[in-house]
Amino acid sequence: MLPSPSVHMASPPPSLNMASHPPSPATASRKRFQDSSKKIMNPSFADLPSSLIEEIMLLLVLKDNIRASAACKSWYEAGVSVRVVDKHPWLMCFPKRGNLFEFRDPLHWKLHTLDLPELAESTVCYSRFGWLLMRKASSNDVFFFNPFSMDIISLPMCELDFQQIAFSCPPTSDDCVLLAIKFVPGEVNRVTVSTCNPGATKWITNDFPTFLRLFYMQSNLVYRRDRFYCFNAEGTLYSFEPSYREWSYICADKLRCPYVHENQYMWCGKAVFLVEKKGELFVMFTCSNEKPMVYKLFSMKWKELSRTTLDGMTFFVSFYNSELRNNLPWMRNNVYFSRFGYNRKHCVSFSFDESRYNTPKEWEQWVELCPPQSLWIDTPKNVLDYFL
């Protein structure tokens, strides 16, 4: 019998070994050190602490926040966590009779109603922060009313037959101040100013001389950094500081309405609106069917804003108030007036991008665009829960 042949198996190469040995502790430690050294030598913004990234994002406007959020996952999470998107106001319409008030979202335009008998025989004077400032038609009684919470805050009787009135912040705040003004012509032109706080027993009234020629077309009042402001359509910016009872003129370049020639004071069909947003002041002129003109106060100089420099702003103007929002989806670079368009399916607006009105029509008077039967009002987050 022949002997069985011996079989010799070649050893597999190291790369084909079925069993792998774990790296030694010294090898693992060396690898961690090398990875750490690479991070030190090549730092990444993604390695910043999340709290620091959030602080950076807080300093950015919305469009820059969105751009920075595309950098990486950690920046996206930080950007979304601090991102605040403006909420547009709604249009509130006052009935000719009865107590059923209409509310419309200018974006979706669905009709909602509220029965508000508390506003019977009252006229609206101003609105902001979701509150209405009302005056009884049969007296000088002024009161705050929130149409969503139904809260009423009474005020002492205002004896001044004011032309303009406004308040600084929600009336539930201890810092809330009301200001009512009236320009009085005479041998010496003067302005009468009355102020009050919720909870006070009377208004405090003062007269101040005004050395400029009185001009009947005044803007609405706005509050900014402890002062109230009013813009005169002749081009003067007034201010009043309620704590020190100081009436003054802002030493800014005079801004005349571009629709009015020198020494021409025919203001029929024209209007001026003053708007405040995060401490900045804007003036907007409207004139019948002309394009609205917008200016911003830069270092005591008025600078006209073009379609490109508006940077996504949206203006909401009415007979009683004006609001400004930034980067509203589908509403950027527009002015929304408090008037219904054709078939009551939308409100009249002007697009700076398209340079036209929607609805296109020859408006002879600015009051046609901003009738006294409607205004813009801020709504709560759960606004739909309040309607019938």
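Strands β14 and β15 form a hairpin with 4 residues between them, and Arg245 in the turn has a positive phi of about 55 degrees. Strands here are DSSP runs (E, at least two residues), numbered from the N terminus, and two strands pair if DSSP finds at least two bridges between them. The model is predicted, with local features requiring pLDDT of at least 70 and side-chain atom pairs counted only at pLDDT 80 or more, while totals for chains, interfaces and linings use all residues. Residues are numbered from 1 along each chain as its sequence is written, and side-chain values use heavy atoms, with hydrogens and water left out.

Strand β14 spans residues 236-241. It is joined to strand β15 (residues 246-249) by 4 bridges, and the two run antiparallel. Strand β13 (residues 227-232) is also antiparallel to β14, with 5 bridges. Tyr238 of β14 is the bridge partner of Cys230, and Tyr238 has Tyr249 as its partner in β15. Of the 6 residues of β14, 6 are buried (under 20% relative accessible area, 1.4 Å probe, protein chains only; exposed is over 50%, partly exposed in between). Burial applies to both faces of the strand: Thr236, Tyr238 and Phe240 lie on one side, and Leu237, Ser239 and Glu241 on the other.

An open sheet of 4 strands has the order β8-β9-β10-β11, with antiparallel pairing. Its edge strands, β8 (164-167) and β11 (204-209), each pair on one side only. Strand β10 (residues 190-196) and β11 are connected by 6 bridges, and Ser194 stands opposite Thr205 in β11.

Aromatic rings of Phe, Tyr and Trp (its six-membered ring) were paired if their centres lie within 6.5 Å, with planes under 30 degrees apart counted as stacked, over 60 as edge-to-face and the rest as tilted. The count comes to 26 aromatic pairs. The pair of Trp131 and Phe144 is edge-to-face, because the ring centres are 6.3 Å apart and the planes stand at 85 degrees. Trp131 lies in strand β5 (residues 131-136) and Phe144 in strand β6 (residues 142-145), so the pair ties together parts that are 13 residues apart in sequence. Both Trp131 and Phe144 are buried. The rings of Phe316 and Tyr336 have centres 5.4 Å apart and planes at 20 degrees, so this pair is stacked. It links Phe316 in strand β20 (residues 313-317) with Tyr336 in strand β22 (residues 334-340), 20 residues apart. Phe316 and Tyr336 are both buried.
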